Amino acid sequence: MQNKHLRWVIYLSGLMVLLIASVILSLSVGEMNLGFFDIFSILGKGHSSMEYTIITQIRLPRVLLGIAVGGALSLSGVLLQGVYRNPLVEPYTLGISGGASLGVAFAIVFGLHQLIGPMVLPLSGFIGAFLIIFVVYSISSRHGRINIQSMLLTGVMISFIASSSMMLLMAITSAENLHGIIFWIMGSLDEPEMSLIYVTLVMAFASLAVSYLFVQPLNALRLGEEKAKHLGINTDTTIKLLFLLASMLAGVCVAVAGVIGFVGLIIPHLMRLLVGSDYRILLVSSFLSGSIFLVLSDVIARTIISPNELPIGVITGIVGGIVFLLMMSRSSVQLMRNK
Amino acid sequence: MNPSILNIQNLCCGYPKFQLSDICIDMPKGSFAGIIGPNGSGKTTLFRAITGTLGIKSGNIMLGDKNLRTLAPRQRAQNIAIVSQFIDAGDISVEDYVLMGRIPYQSRFSFFESDDDLRIAREYMTMTDTWRFKDQLMSELSGGEQQLAAIARALTQEPELLLLDEPTSHLDITHQVHILNVLQQLNQEMGLSVLMVIHDLNLASEYCDRLILVNQGRIHTQGTPEEVLTFQNIEDVYQTVVVTQPNPLSGKPAVFLATQKVLKEINERTDIAQ
C-alpha cells in the first residue's frame, strides 16, 4: 500500500518536472532563440528588455493556452473512456468537434465575424458544440436514464451529419472564407484575446478539481455499470454529470483553439499503461501529460518550418499517432486488457 | 426459528416478455439457500430483483426489517453483497479489487483507504486464501481464483446477506468444491446468510439447507433438499427422467440421470419379463 502511494508521488513529481521543463523550453525557442537557462535572468531583470516583452507578450500566452487546452482535452478523454468503458472514445467521437466546426463555418460563411467582431468565432464554436451535445444527450436519454451504448452511436452519426453540413457550407462559399474555415479547423494556440486564455485556464483546473469528486464512482465503473451499482454507486447520475463535464471541457477547447485531435485519445491511453487504471492518479497524470504534450507539440509546430507555422493539429496527429503505435507494438497485450 | 434475513412477499416483476409472479420466500438468518430451476425459468430475473437491478412491479422484498425499495443504493450495498457470474475486472490489482468492497462505507471525499479498510480487506483475503495474489492483476488469475477474490471483495462489504450468481458454473470440480467449502465455512462460522443461483442439482443438494425450485416464472417447490429434490418434482420441472437416492456419505438426495439408451434397455427388459 505504501508502495503504491510512493509510486504515485514519483509519477506526479516526474510529470511536474517535465511540465516545467517544457514550459521553459517553449518560452526560450522561437524566431529569436534564447538560452534555456537565460529565461530566469531575463524575467528577473524586469520590463525593460525586448526579450522580456517577447516572452511575456508572445510566448507565455501560447504556453498558458497549451497547458489549459492539452490538460482539458486529455482530462475530457479519460473521463469519457471511463464512463463508456471504451478505449476508442475521445471528446471528438461524440460530435463535439463537428458541432463546433459547423458553428464556426456558419459564422464565417455568413460574415458574422466581420459584422460583430473576432469574438464571434469562439462563441459560435461553443454554441455549435453545445447544440450537438444537447441533441446527442436528449436522443439517448429516456425516462431520465442514459443508454450509453446508443449514445455513442448517436454521437458518431450526429458527428457525420455535422461534418457533411460543414462541407456543404464550404462547397458553396468563397475561396477566402474557405481558407478561414480550414485554418480554424486545423487548430492553433495563437489566441490574441488574453481573457479567453484565462477563462480556459480557470475552467480546465476547476474541472480537474471537480473530476476528483468522482474518482470513487469512476473506479467502481471499471467493473461495469451493473457491478458499480452493486457497490452502491448511483451510476445514472455519475454518467450524466461526467458526460456533461467532459463535453463542456472539449467544447470550450475547440471553441478557443480549434480542432486539436488525438490528445484526448492518446494521452489517457499512454497514462493507463504508465500509471495504471486507478483514477486517483490517472486523472491528474492525464491532465499534466496532456499539457506537456501540447506545449511540446506547439514548440515543434512553430519551429519546424520557421518563420512559418504549422497547424498544431497536424503535429499532434502525426507525432501522437507514431508514439502511440510504438507503445502499442511494445505492449499490445497490456493495451488489450485496458478497458 | 431464526428471524428472517430475506422475506419476499407476493413479488411480481420482470420484462415485457417474461414475468415472475407471486413469489414468496422466507429465508431465516444464517441459512444457506439455493435457487434452482431450468434455463429460462426466472432464476436470474429473481436474482436481479433481489439485487435491485430490476424494478419491482408489486409486492415487497424485506431485508431483515428494511424494505429494499426504500433503501438507498449505498445502504443496500452495506447489507447485500453480490458476486456475479463473470468477474471481468481487467487490469486492477487483486488487493485494489478487494478494497472496492469498502466503497459503500467511504465518504465521497475520502481519498485514501483507511487503516480499517486495509485491515478488513486483508482479513477476508486471508480467509479466502487470496492474500498471496494481492499484487497480481485480476486478469492474471484463473477463473477459480477470480471467483475467490470476488468473494473476498463481497465479504469486505461486511454484508448481512451474500448473493452469488452461479459461482461454480465454469469451474472444474476441484474449484467447485473448494469455493462451496469456503462459502459453507463462512456460513457455519460467521453465521453469514448465503443465497446462490446454482445449476448443478447435486451441488445444490449437498451444500444448501434450503432450496427454491423455480419454473416458468413461479416457485414450484421450496424447502429442504429432501423435500424439493424428489424425482417427481425434477421430472415435472426439467422434463427429464431421473432417479434420486441419498448420497451414502451425507444422506442428502443425489440425482442420477437416465440416458435414452438405458431407458430403452430397461423398457425391453420389462417387456420380456412380462
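This is a predicted model: local features need pLDDT of at least 70, side-chain atom pairs count only at pLDDT 80 or more; totals for chains, interfaces and linings use all residues.
Residues are numbered from 1 along each chain as its sequence is written, and chains are lettered from A and ligands numbered from 1 in the order in which they are written.

I use helix (H or I, at least four residues) and strand (E, at least two) for DSSP runs numbered from the N terminus. I call a residue buried if 20 or more other C-beta atoms lie within 10 Å of its own, exposed if 12 or fewer, and partly exposed in between, with C-beta atoms placed from the backbone.

**Entry 1: helix 4 of chain A**

I found that 12 of the 14 residues of helix 4 of chain A are buried, so this helix is largely enclosed by the rest of the structure. Among the buried residues are Ile96(A), Leu102(A), Val104(A) and Ile108(A). Helix 4 (residues 96–109) of chain A reaches 20 Å from its first C-alpha to its last, close to the expected 20 Å; the expected span is 1.5 Å times one less than the number of residues. Just after this helix, Gly111(A) has a positive phi of about 65 degrees.

I then looked up Asp190(A), which lies in the loop between helix 8 and helix 9 (194–211) of chain A. Asp190(A) counts as partly exposed because it has 16 C-beta neighbours inside 10 Å. From C-alpha to C-alpha, Asp190(A) and Ala100(A) are 18 Å apart in space, and they are 90 residues apart in sequence.

**Entry 2: the sheet of chain B**

I traced an open sheet of 6 strands in chain B, with the order 6-7-8-3-9-10 and mixed pairing; strands pair if DSSP finds at least two bridges between them. Its edge strands are strand 6 (80–83) and strand 10 (218–223) of chain B, each pairing on one side only.

Strand 8 (residues 193–197) of chain B has 5 of its 5 residues buried. Ser193(B), Leu195(B) and Val197(B) point one way from strand 8 of chain B, and Val194(B) and Met196(B) point the other way. In a regular strand the side chains alternate between the two faces of the sheet.

Strand 3 (residues 32–36) of chain B runs parallel to strand 8 of chain B and is joined to it by 4 bridges, with Ile35(B) opposite Val197(B). Strand 7 (residues 161–165) of chain B also pairs with strand 8 of chain B in the parallel sense, over 5 bridges. There I noted Leu161(B) as the bridge partner of Ser193(B), and Leu162(B) as that of Val194(B).

**Entry 3: helix 5 of chain B**

I found 12 of the 14 residues of helix 5 of chain B buried, so this helix is largely enclosed by the rest of the structure. Its buried residues pack against strand 6, helix 3 (94–99), helix 4 (115–127), strand 7 and helix 6 of chain B; contact here is taken as C-beta atoms, placed from the backbone, within 7 Å. Just after helix 5 of chain B, Glu158(B) takes a positive phi of about 45 degrees.

**Entry 4: where the chains touch**

I recorded 22 residues from chain B and 22 residues from chain A in the contact. Helix 2 (residues 73–79) of chain B gives the most to the side of chain B that touches chain A, with 4 residues.

Terms used
Two residues are in contact if their C-beta atoms, placed from the backbone, lie within 7 Å.
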